[in-house]
Amino acid sequence: MSTPDRNNQPEVYIKSNPKGIMQKTALFFAYVSFLLAAVSGVFLFLKAQELGASDPITASFLASFFFCIFTGVSLFIMGNANLPNLKFDKPVGKND
C-alpha cells in the first residue's frame with residue numbers, strides 16, 4: 001500500500017466573509033483593552049513594589065489587569081470570527 005500523493009488531492013479554500021462594522025469595532029476595542037492591560041500591569045508592578053502585595057490598591061490594579069486581558073481576548077475572538085452572511089437576497093414568499 002502506498003501513501004497518497006499530495007499532487008492528486010483537490011485544494012480546499014476557506015472563504016473569509018468581509019468584516020462588518022461591529023466586528024471592526026470589537027477588534028479596535030480589543031487592542032485598546034490590551035493597551036489598558038499593559039498600562040495597569042505597569043502600575044501594578046510599581047504599586048506592588050511600593051505598597052506591597054496585600055494592599056487594596058495593588059489588588060485593584062491586579063483586578064483591572066485581569067479584566068482588561070480577558071476582555072481583550074474575548075473581543076479579539078469576536079472581531080476575528082468568520083461569521084456567515086445572514087442577509088436575504090430575495091424577499092421570502094415571492095416567486096418572481
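## Nonpolar surface patch

In this predicted model, a nonpolar patch on the surface is formed by Leu 35, Val 39, Val 42, Phe 43, Phe 45 and Leu 46, which together contribute about 580 Å² of accessible area. One of these residues, Leu 46, lies in helix H1, and its relative accessible area of 46% places Leu 46 in the partly exposed class, because that class covers values between the 20% limit for buried residues and the 50% limit for exposed ones.

## Leu 44, a buried position in helix H1

Leu 44 is also a residue of helix H1, which spans residues 21-51. With a relative accessibility of 16%, Leu 44 is counted as buried, since the cut-off for that class is under 20%.

When neighbours within four places in sequence are set aside, the contacts of Leu 44 are with Thr 58, Phe 61 and Leu 62. The C-alpha atom of Leu 44 is separated by 8.3 Å from that of Ala 59, a residue 15 positions apart from Leu 44 along the chain.

## The protein as a whole

The secondary structure of the protein consists of two helices, with zero strands. Of the 96 residues in the protein, 14% are buried, and Leu 44 is counted as buried.

Among the contacts with a separation of 6 or more, 77% are between residues 24 or more positions apart. The accessible surface of the protein amounts to about 8,400 Å², and carbon and sulfur atoms account for 67% of that area.

Methods
Residues numbered from 1 in each chain as written. Predicted model: local features only at pLDDT ≥ 70, side-chain atom pairs only at ≥ 80, totals over all residues. Heavy atoms only, no water. Helix = DSSP H or I, 4+ residues; strand = E, 2+ residues; numbered from the N terminus. Buried < 20%, exposed > 50% of the residue type's maximum accessible area, 1.4 Å probe, protein only. Contact = heavy atoms within 4.5 Å. Areas by Shrake-Rupley, 256 points an atom, 1.4 Å probe, with all protein chains shown as cover. Patch = residues over 30% accessible without salt bridge, like charges linked within 9 Å, V, L, I, M, F, W, Y side chains within 5 Å. Salt bridge = Lys/Arg side-chain N within 4 Å of Asp/Glu carboxyl O.
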